[in-house]
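Time to open the notebook and look around. I will jot things down in the order I looked them up.

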Amino acid sequence: MNDRITCRCQKCGKETQVFGSRWCADCYYPGIDQDWQRFEDLVEEGYPRHQARIMAGLADPPDEE
Ligand SMILES: [Zn+2]
């Protein structure tokens, strides 16, 4: 039985090092909570997740050459 509570990064799915954190150290930056909220709002509005991610600043836009 494993009663250890693990928190997984909402962005990349890795286990977070900080208890209760929604983000791993690699993904975290100041303001990510606001960006993530925006991302969820955009998805709710019907945008595809990958596009919402870019619009919210959570992912780099694809190269446009
Ligand atoms: Zn992460």
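I count a contact when heavy atoms lie within 4.5 Å. This is a predicted model, so I note that local features need pLDDT of at least 70 and side-chain atom pairs count only at pLDDT 80 or more, while totals for chains, interfaces and linings use all residues. Numbering runs from 1 along each chain as its sequence is written, and side-chain values use heavy atoms, with hydrogens and water left out.

**Entry: isoleucine 32 and the core**

I started with isoleucine 32. Setting aside neighbours within four places in sequence, I find isoleucine 32 in contact with Trp23, Cys27 and Leu58. The core has 11 residues, among them Ile32, Trp23, Cys27 and Leu58. Its largest share, 4 residues, comes from helix α1, residues 32-44. My helices are DSSP runs of H or I, at least four residues long, numbered from the N terminus.

**Entry: the zinc site**

Which atoms coordinate the zinc ion? I find the SG atoms of Cys9, Cys12, Cys24 and Cys27, at 2.3 Å. Donors here are N, O and S atoms within 2.8 Å of the metal (3.2 Å for Na, K and Ca), and water is not among the atoms, so sites may look incomplete. The angles among the 4 donor atoms run from 103 to 117°, and the site is tetrahedral; for four donors that label asks for all angles between 85 and 135 degrees.

Cysteine 24 is buried at 1%, whereas cysteine 12 is partly exposed at 40%. Cysteine 9 is buried as well. I also looked for disulfides (cysteine sulfur atoms within 2.5 Å) and the count is 0.

**Entry: threonine 16**

Threonine 16 sits in the segment before α1. Is threonine 16 buried or exposed? I get 9% relative accessible area, so threonine 16 is buried. Its contacts beyond four places in sequence include Cys9, Trp23 and Cys24.

**Entry: salt bridges**

With a side-chain nitrogen of Lys or Arg within 4 Å of a carboxyl oxygen of Asp or Glu as the rule, I count 2 salt bridges. Aspartate 26 meets lysine 14 at 2.7 Å, N to O; the two are 12 residues apart. Aspartate 33 meets arginine 22 at 3.6 Å, N to O, linking helix α1 to the segment before α1.

Definitions and conventions. A nonpolar core is a set of buried Ala, Val, Leu, Ile, Met, Phe, Trp, Tyr and Cys residues joined through side-chain atoms within 4.5 Å. Buried means under 20% relative accessible area, exposed over 50%, partly exposed in between (1.4 Å probe, protein chains only). Four donors count as tetrahedral if all angles lie between 85 and 135 degrees; four count as square planar and six as octahedral if opposite donors are over 155 degrees apart and all others between 65 and 115; anything else is irregular.
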